[in-house]
Amino acid sequence: MNNQVRPIILNAFFGILLFSCQKEIPAPKPPNILLIMADDLAYADLGSFGGDISTPNLDQLAKEGIRFSRFHTAPFCAVSRAMLLSGNFNHVAGMGSQDLVTGIPGYEGQLSDRIIPVPELLRSAGYHTYMAGKWHLGDTPEANPANKGFEKSFVTMEGGANHYSERGIFRDTPTSIYTENGEEANWPEGAYSTDFYTDKLISYINADREDGQPFFVFAAYTSPHWPLQVDSSYWKKYEGRYNEGYEALREKRLESLKKAGMIHPSAQTPPLHPRVKPWDSLSPEEQKKEARKMELYAGMVENLDYNIGRLISYLKETGQYENTLIVFLSDNGAAAEDFYYSDYFGPFLQENYSDALEDMGKENSFISYGPQWAEAGASPFNYFKGYTTEGGMNAPMIISGLGVSPQNQINDQFLSIMDLAPTFYELAGITYPKTWRGKKIAGLAGSSLLPALTGDPYPIHDSTYVFGLEHRGDAMLRKGNWKLLNTKKPFELKNFELYNLENDLSEQQDLKEVKPEKYQELLQEWEKFSKQVGIVTPTPKRGDGLN
């Protein structure tokens with residue numbers, strides 16, 4: 001967009017009026033920013049996206065704002081969070097491989113010194129910065145959110161946690177690790193994660209709300225991430241709803257997404273992942289247990305929506321809602337992991353948790369909904385979390401609140417999670433610096449979404465923009481509607497496939513033989529991109545490069 005147009009858009013966003021004498025009314029204070037992230041929420045879950053789960057508060061946000069149908073994250077939790085809080089590619093941000101710590105640039109396993117964390121820059125500009133929920137960006141003291149710009153925080157440092165207690169879910173940490181403001185903290189026994197994180201955030205905002213400073217709040221909820229646990233008052237209403245099975249739900253979601261306008265009427269579901277067993281091959285007992293998984297998941301999503309409603313109600317009651325931009329998103333595609341039965345995680349979980357039907361949903365239960373329900377939630381995309389396919393990276397996003405002028409609209413353009421940081425900076429009136437703390441840093445890789453929020457039809461990214469990602473050999477690169485994709489291990493250039501997402505959303509028609517010139521063009525872009533961001537293949541091993 002022409003830089004001369006930016007001030008006009010900003011004026012429109014903040015509602016600044018000009019008198020005939022050209023005297024400008026002083027701009028109001030920068031807006032509050034409420035960033036809400038769901039953990040492993042599927043694309044097709046929300047009511048406003050065509051889902052069958054009750055999400056009235058998020059549906060209302062959608063009515064008052066914009067749903068983004070082609071918003072892209074990374075395929076894994078920590079990788080997305082690094083990109084979100086940096087506005088940059090995952091290797092530049094230090095998260096080349098989730099849960100891997102090395103001394104090699106790009107694979108630090110925490111936010112790198114090549115970027116500025118969003119809360120740190122916003123705090124330097126006068127924002128209060130608060131966080132509650134999942135961090136997953138390094139577990140050392142220096143990597144803690146308290147040292148990355150968050151003024152107040154209560155977080156689980158790991159990739160997942162019991163929703164009711166400190167009972168660990170990983171064998172290396174039999175007691176889950178929590179910190180508050182950088183200091184070790186205990187989980188209040190019996191408190192439910194989504195309820196408790198909401199309480200914390202409201203208390204943080206409320207303690208400072210009289211001082212006139214804007215806030216940046218990161219509600220990094222751990223719902224509906226496994227283990228699937230929620231009070232029966234939430235899941236009982238869904239009892240029996242999913243008895244037809246995951247294949248039936250997948251087709252229902254396909255049609256409801258079309259009806260909601262989220263996908264093209266011609267879209268089709270791709271073949272099921274090889275790991276998915278046909279529903280009719282299961283015994284009646286297995287079907288009952290499988291249906292309960294989805295009932296629990298739906299209950300968790302409804303509870304998440306309820307707590308988002310609590311945040312919104314608090315802001316309205318305290319007069320802060322009108323000056324708040326609200327962004328809701330999921331961190332990646334639907335989750336297919338089922339660690340209870342894995343060789344590595346399984347023995348610890350089976351010793352400490354139950355998967356019995358009568359326990360499902362309780363504190364002592366460890367249940368995941370697996371690839372079968374993940375594919376239903378990812379309809380019509382290919383595969384799910386962990387893959388660089390559309391099913392792993394095309395996630396729901398809603399933006400509403402202050403200055404979002406189009407209402408109840410769907411934006412279909414390609415966007416990425418890196419675009420949020422530049423948006424926040426532009427709204428806050430911050431110019432991203434070239435150096436920070438005496439060190440040169442990388443420029444932002446995303447672009448501000450402000451034009452889209454004010455109804456400007458001009459695309460955020462034109463047809464020359466290149467977006468790429470690599471994680472442990474899974475890789476993709478997109479330029480315009482064309483996408484290179486690799487899901488084979490080990491990574492080899494020859495394994496890249498070529499898809500045109502304009503008419504093949506499910507990534508089923510490999511065109512590399514049909515469009516050799518386009519294939520070579522994108523391969524050249526990949527070579528440039530991988531050098532630019534510092535991709536190392538094969539992926540380094542834990543401890544490499546450390547003294």
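**Cavity, pockets, bridges and rings**

Reply: Happy to. The largest cavity has a volume of about 40 Å³. Please keep in mind that this is a predicted model.

Me: What makes this space a cavity rather than a pocket?

Reply: A cavity is a set of points where a 1.4 Å probe fits but cannot get out, whereas a pocket is open. The structure holds one cavity of 30 Å³ or more. Lining the largest cavity are Asp40, Pro224, His225, Trp226, Leu228, Tyr297, Ala335, Ser368 and Tyr369.

Me: How does the lining of the largest cavity divide into nonpolar, polar and charged residues?

Reply: There are six nonpolar, two polar and one charged. Asp counts as charged and Tyr as nonpolar.

Me: What about the open spaces, starting with the largest pocket?

Reply: The largest pocket holds about 1,200 Å³ of space. Its lining has 39 residues, and Gln98, Asp99, His136, Phe345 and Arg472 lie nearest its centre. By type, the lining of the largest pocket splits into 16 nonpolar, 10 polar and 13 charged residues. The second largest pocket has a volume of about 650 Å³. It is lined by 26 residues, with Arg478, Asn481, Leu501, Glu502 and Leu505 closest to its centre. The lining of the second largest pocket comprises seven nonpolar, 12 polar and seven charged residues.

Me: Why are Asp355 and Lys289 called a salt bridge?

Reply: The rule asks for a side-chain nitrogen of Lys or Arg within 4 Å of a carboxyl oxygen of Asp or Glu. For Asp355 and Lys289 the N to O distance is 3.1 Å, so the pair qualifies under the 4 Å limit. Asp355 sits in the loop between H10 and H11 and Lys289 in helix H9 (residues 284-317), so the bridge ties together parts that are 66 residues apart in sequence.

Me: Why is Asp355 called buried, and why is Lys289 called partly exposed?

Reply: Buried means under 20% relative accessible area, exposed means over 50%, and partly exposed lies in between. Asp355 has a relative accessible area of 16%, so Asp355 is buried. Lys289 has 22%, so Lys289 is partly exposed.

Me: How do you know that Lys385 and Glu337 form a salt bridge?

Reply: Their side chains meet at 3.0 Å, N to O, and the cut-off is 4 Å. This pair links distant parts of the chain, 48 residues apart: Lys385 is in the loop between H11 and helix H12 (390-393), and Glu337 is in the loop between strand S10 (324-330) and H10. Lys385 counts as buried because its relative accessibility is 6%. Glu337 counts as buried because its relative accessibility is 16%.

Me: What makes Glu507 and Lys483 a salt bridge?

Reply: The N to O distance between the side chains of Glu507 and Lys483 is 2.7 Å, again to be set against the 4 Å limit. Glu507 counts as buried because its relative accessibility is 2%, and Lys483 counts as buried because its relative accessibility is 0%.

Me: How many salt bridges does a search of the whole structure find?

Reply: The search finds 32 salt bridges. Elsewhere, Lys479, Lys518, Glu521, Glu525 and Lys528 are linked in a network of salt bridges.

Me: Why is the aromatic pair of Phe154 and Tyr178 called tilted?

Reply: Rings pair if their centres lie within 6.5 Å; planes under 30 degrees apart count as stacked, over 60 as edge-to-face and the rest as tilted. Phe154 and Tyr178 are 5.9 Å apart centre to centre, with 35° between the planes, which gives a tilted pair. Phe154 lies in strand S4 (residues 152-156) and Tyr178 in strand S7 (residues 178-180), so the pair ties together parts that are 24 residues apart in sequence. Both Phe154 and Tyr178 are buried. Tyr383 and Phe384 also form a tilted pair, at 6.1 Å centre to centre and 40° between the planes.

Me: Which residues do ring pairs link into a cluster?

Reply: The cluster contains Phe170, Trp226, Phe339, Tyr340, Tyr341, Tyr344, Phe345, Tyr353 and Phe366.

Me: Last one: why does Asn364 count as partly exposed?

Reply: Asn364 has 25% relative accessibility, so it counts as partly exposed. Asn364 is placed in the loop between helix H10 (346-352) and helix H11 (370-377). Not counting residues up to four places away in sequence, Asn364 touches Arg167, Tyr353, Ser354 and Asp359.

Notes: Residues are numbered from 1 along each chain as its sequence is written. This is a predicted model: local features need pLDDT of at least 70, side-chain atom pairs count only at pLDDT 80 or more; totals for chains, interfaces and linings use all residues. Side-chain values use heavy atoms; hydrogens and water are left out. Helices (H or I, at least four residues) and strands (E, at least two) are DSSP runs, numbered from the N terminus. Buried means under 20% relative accessible area, exposed over 50%, partly exposed in between (1.4 Å probe, protein chains only). Contact means heavy atoms within 4.5 Å. On a 1 Å grid over the protein atoms alone, a cavity is a set of points where a 1.4 Å probe fits but cannot get out, and a pocket is an open set with protein on both sides within 12 Å along at least five of seven lines; lining residues have an atom within 4 Å of a point. Grid points are joined across faces, edges and corners, and a volume is the space filled by probe spheres set on the points. Rings of Phe, Tyr and Trp (its six-membered ring) pair if their centres lie within 6.5 Å; planes under 30 degrees apart count as stacked, over 60 as edge-to-face and the rest as tilted.
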